[in-house]
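Colleague: Hi! Could you walk me through this one?

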Amino acid sequence: MGRVTGPAPLPDPAAALRPRLPSPLQEVAEEPFARRGVRLVLKRDDLIHSALPGNKWRKLEPNLRAAAAAGERTLLTFGGAWSNHLRATAAAGRLLGFTTIGVVRGDELAGAPLNDSLARCAADGMRLYFLDRARYRRKTDPDVLAALHDRFGAFRVIPEGGSNSLAAQGCTELGRELRGVADTAAVACGTGGTLAGLAAGLGSDGQALGIPVLKGGRPHFLQGTVEELQRAAFGGPRGTWRLDDRFHCGGYARRTPELDAFADAFEQRHGLALERIYVAKLLYGLTTLAEEGAFPPGSTVAAVITGAP
């Protein structure tokens, strides 16, 4: 009688995916910075991995590693119709042998043709489930999660945007890589996990700056979220950080003619295509701050390039 064996063990994500770490630095000459005697360097996290670039790798890797260690083979996560996080999770599932489920905001999308982003998720094997917007707002409530378990069985939840305590811990290495390099390390913020870890990794060697890309209901709406993530990940506050929420351009995935003009000109000067939802807003915000004299002469500002178009 043959020996009965269970499923093959899941691979270690870092060993299997072979990311490019530390991500490289690229100095760029931008007149508003140079005029003030400030250096601008790009932290090219978009080059970490072709399928899981930037903060998606840094936030997902510890969650994937924890799932693999626990033998959990199904991941369920949340996102909008153009979510970079959904695409990265689907790609990780394909590459590592996880089953992935993407809960998408808006049940009105269920009967419509998939956009390019969701089509990529489906091609990578992600099962898509469209949740009405009222229940999506309550996606972490026990009754909503119970209904999802009834439908899909056992799964490991990764939150929207991938931001949880493990993600914040994973992003500390980003801050460590920038110690001694940047006086200010800046990142565009969606759910706050990257900023929480970046600040912790920098420690006392610099200040982390978050540029929110969502329009909040009050100034610095991410403040409490980042504080909560740091408490969960590190037991309390870590590092020095602040938010400047003037550069969301109307909200998530919203753009203005000024933003597009800035991004087009930056691309022409440096031959670097800018992702418009996060990266363009980050660089637009930093340029405005440089023009305002926000960075001391002789200092270095690092802009974290979290993804490609």
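This is a predicted model: local features need pLDDT of at least 70, side-chain atom pairs count only at pLDDT 80 or more; totals for chains, interfaces and linings use all residues.

Colleague: Great. How much space lies in the largest pocket?

Modeller: The largest pocket holds about 850 Å³ of space. Its lining has 38 residues, and the closest to the centre are E160, G161, G190, T191 and L214.

Colleague: How does that lining divide into nonpolar, polar and charged residues?

Modeller: There are 15 nonpolar, 16 polar and seven charged residues in the lining of the largest pocket. Elements that each supply at least two of the lining residues include strand 7 (184-189) and helix 10 (193-202).

Colleague: And what volume does the second largest pocket have?

Modeller: That one comes to about 660 Å³. It is lined by 30 residues, with N84, R87, E275, A308 and P309 closest to its centre.

Colleague: Which helix gives the largest share of that lining?

Modeller: Helix 4 does, with five residues. By class, the lining of the second largest pocket has twelve nonpolar, seven polar and eleven charged residues.

Colleague: Switching topic: which residues are buried in helix 12?

Modeller: L259, F262, A263 and F266 are buried there. They sit on the same side of helix 12 because they cover an arc of only 95° around the axis.

Colleague: What do those buried residues pack against?

Modeller: The buried residues of helix 12 pack against helix 13 (279-291). On the face turned away from the buried side, P257 and Q268 are exposed.

Colleague: And what happens just after helix 12?

Modeller: G271 follows, with a positive phi of about 65°.

Conventions
Residues are numbered from 1 along each chain as its sequence is written. Side-chain values use heavy atoms; hydrogens and water are left out. On a 1 Å grid over the protein atoms alone, a cavity is a set of points where a 1.4 Å probe fits but cannot get out, and a pocket is an open set with protein on both sides within 12 Å along at least five of seven lines; lining residues have an atom within 4 Å of a point. Grid points are joined across faces, edges and corners, and a volume is the space filled by probe spheres set on the points. Helices (H or I, at least four residues) and strands (E, at least two) are DSSP runs, numbered from the N terminus. Ala, Val, Leu, Ile, Met, Phe, Trp, Tyr, Cys and Pro count as nonpolar, Asp, Glu, Lys and Arg as charged, and the others, Gly among them, as polar. Buried means under 20% relative accessible area, exposed over 50%, partly exposed in between (1.4 Å probe, protein chains only). The arc is that of the directions from the helix axis to the C-beta atoms. Contact means heavy atoms within 4.5 Å.
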